[in-house]
Amino acid sequence: MRSAAWHALLPSLVPAKPGIFFLRSRPGRFLSHAHGLRPCGAASSLPPGEYLPPLFSVAPMMDWTDNHYRTLARLISRHAWLYTEMVVAETIVHQKDKLDRFLAFPAEQHPIVLQIGGSNLDNLAKATELASGYAYDEINLNCGCPSGKVAGHGCFGARLMYDPEFVGDAMSAIAANCDVPVSVKCRIGVDDRDSYEELCTFVDKVVSKSPTRHFIIHAWKALLSGLSPAENRKVPPLKYEYYYALLRDFPEVHFTLNGGLTTIEQVSASVRQGAHQVMVGRAAYNNPWNMLGHVDSEIYGMPTRCSSRRQMLESYQVYGDSIIGQYGISRPNVRQLVKPVLHLFHSEPGNSLWKRKADSTLRHCKTLAQFLEETLDAIPDSILDAPVLREPSREQDYFAHVDSLLPPRYAKLAHGSYESPALVTASS
């Protein structure tokens with residue numbers, strides 16, 4: 001059962017923007033076992049050009065959430081919000097004659113959020129203005145990446161949490177150069193600045209200096225010295241209580257919970273506990289069918305988009321073979337297109353054989369259709385044609401004890417609250 005807050009949001013439709021088309025330049029081939037199947041349907045009762053709020057989103061992940069993965073994700077879920085990989089503001093500014101390579105996306109990917117990174121106000125403003133021509137549905141600033149190249153040498157990402165004044169100015173500049181909602185993705189803290197009070201001070205400052213009313217809270221703190229990005233997801237403890245305390249202390253701000261969620265049952269449990277919105281990262285990439293396949297029905301109460309993985313793969317093959325070499329020789333190539341598909345049969349019978357055959361086939365195949373025809377016989381028909389199944393849940397009480405862990409209230413807000421500008425209501 002979804003929370004009352006989520007039910008209240010569902011009737012609020014968000015108008016879509018025109019997209020950048022580059023798909024389906026020629027008809028695709030049916031897979032060898034897929035005779036008679038139709039491409040994945042819209043499976044939506046919404047009017048054309050409208051979509052639901054970001055109750056569930058897929059996290060931005062460098063080298064992972066590219067156009068190919070996002071296309072695959074959209075074929076599985078019609079309503080999940082998708083995020084781009086982080087695009088550095090300087091890349092947008094200095095590559096303004098080649099922006100399609102970095103910013104173009106198929107119209108089918110709406111609703112979609114552009115995440116940008118940077119620490120130069122002028123470049124963030126210019127990058128936002130240039131990106132506005134691509135009709136993203138929201139612009140998000142990365143204040144959470146702990147990578148040495150980003151937070152270290154680049155002096156942005158999670159390092160920006162040291163300077164909430166700058167982040168407030170940056171969000172004001174970003175908002176001034178676009179006509180869509182803006183948001184911040186951050187950690188619960190950085191290094192030894194990891195108290196709940198310091199997190200609230202960060203949110204308080206950004207909200208007071210900009211129209212930002214949406215924060216995605218990654219519930220681990222970032223350690224910028226001595227830990228890799230992977231270790232930053234394992235060594236610091238998860239503190240979901242910080243997220244739920246923010247809901248209590250900033251009632252006019254919307255918060256998305258991110259970090260550590262690996263099953264749709266955990267997502268549902270967070271909603272029952274009162275989460276406004278939820279974002280999932282690696283679980284949506286490493287097990288897309290079993291995570292994203294439940295989003296439309298479980299989170300949005302809408303029909304599931306694809307009836308089977310066979311049906312979904314046929315639609316993805318049409319996409320893939322239509323864009324091979326679009327940006328020159330081997331850009332993209334079959335290997336790049338296959339990368340997100342390789343996780344489609346996570347933990348299923350035949351998965352290991354499928355990956356071994358994939359490794360061999362990628363050495364010589366020239367099209368996605370050829371790849372699928374030479375490898376899919378490793379997967380039993382009973383798996384290829386099965387609908388997404390919901391296993392009995394043992395995680396209904398995953399967040400049951402979080403209320404007992406909440407830190408004291410943020411005292412500074414005891415006397416008042418923030419207004420919520422109309423600019424951001426569509427994203428909330």
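Guide: Of the 428 residues in the protein chain, 56% count as buried. Bear in mind that this is a predicted model.

Visitor: What makes a residue count as buried here?
Guide: The cut-off is a relative accessible area under 20%. As for the rest of the overview, the protein chain has 18 helices and 11 strands. Its accessible surface comes to about 17,700 Å², and 53% of that belongs to carbon and sulfur atoms. Among contacts with a separation of 6 or more, 79% are between residues 24 or more positions apart.

Visitor: Let's start with T256. Why is T256 called buried?
Guide: T256 has a relative accessible area of 2%, and buried means under 20%, so T256 is buried. You'll find T256 in strand 10, which covers residues 254-258.

Visitor: What makes the pairing of the T256 and H214 side chains a polar contact?
Guide: The distance is 2.8 Å between the two side chains, and the limit for a polar contact is 3.5 Å between N or O atoms. Beyond its neighbours within four places in sequence, T256 is in contact with a list of residues that includes S57, H214, I216, Y243 and V278.

Visitor: I216 turns up there. Why is I216 called buried?
Guide: I216 has a relative accessible area of 0%. The line is drawn at under 20%, so I216 is buried. I216 lies in strand 9, residues 214-218. Leaving aside neighbours within four places, its contacts include Y83, N140, C186, T256 and M279. I216 and V278 are 62 residues apart in sequence, yet 8.5 Å apart in space, C-alpha to C-alpha.

Visitor: Now the helices. How do you know that helix 14 is largely enclosed by the rest of the structure?
Guide: Count the buried residues: 15 of the 15 in helix 14 are buried, so the rest of the structure largely encloses helix 14. Helix 2, residues 67-76, is mostly covered too, with 10 of its 10 residues buried. Among the buried residues of helix 2 are H68, R70, R74 and I76.

Visitor: How do you know that the reach of helix 14 is close to the expected one?
Guide: Helix 14 has 15 residues and reaches 21 Å from first C-alpha to last, against 21 Å expected at 1.5 Å a residue. After helix 14 comes G325, with a positive phi near 75°.

Visitor: What describes the packing of two helices?
Guide: The angle between their axes and the distance between the axes. Helix 14 (residues 309-323) and helix 17 (residues 368-375) pack at about 145°, and their axes are 8 Å apart. On the helix 14 side, L313, Y316, Q317, G320 and D321 make the contact, and on the helix 17 side L368, A369 and L372 do. By class that gives five nonpolar, two polar and one charged residues.

Visitor: Why does L368 count as buried?
Guide: L368 is at 1% relative accessibility, and the cut-off is under 20%, so L368 counts as buried. L368 lies in helix 17. Leaving aside neighbours within four places in sequence, L368 is in contact with Y316, Q317, G320, D321, I324, V334 and V338.

Visitor: Why is Q326 called partly exposed?
Guide: Buried stops at under 20% and exposed begins over 50%. Q326 has a relative accessible area of 34%, so Q326 is partly exposed. Q326 sits in the loop between helix 14 and helix 15. Q326 and R101 are 225 residues apart in sequence and 9.8 Å apart in space, C-alpha to C-alpha.

Visitor: Is D191 buried or exposed?
Guide: D191 has a relative accessible area of 19%, and buried means under 20%, so D191 is buried. S347 has 62%, and exposed means over 50%, so S347 is exposed.

Visitor: What makes the peptide bond from H110 to P111 cis?
Guide: Its omega is near 0°. P111 is in the loop between helix 4 and strand 6.

How values were computed. Residues are numbered from 1 along each chain as its sequence is written. This is a predicted model: local features need pLDDT of at least 70, side-chain atom pairs count only at pLDDT 80 or more; totals for chains, interfaces and linings use all residues. Side-chain values use heavy atoms; hydrogens and water are left out. Helices (H or I, at least four residues) and strands (E, at least two) are DSSP runs, numbered from the N terminus. Buried means under 20% relative accessible area, exposed over 50%, partly exposed in between (1.4 Å probe, protein chains only). A polar contact is a pair of N or O atoms within 3.5 Å; within protein, one must be able to donate a hydrogen and the other to accept it, and residues adjacent in sequence count only if both atoms are side-chain atoms. Contact means heavy atoms within 4.5 Å. Axes are lines fitted to C-alpha atoms, for helices over the stretch in contact, and angles run from 0 to 180 degrees between N-to-C directions. Ala, Val, Leu, Ile, Met, Phe, Trp, Tyr, Cys and Pro count as nonpolar, Asp, Glu, Lys and Arg as charged, and the others, Gly among them, as polar. The expected span of a helix is 1.5 Å times one less than its number of residues. Accessible areas come from the Shrake-Rupley method with a 1.4 Å probe; for residues, only the protein chains shown count as cover.
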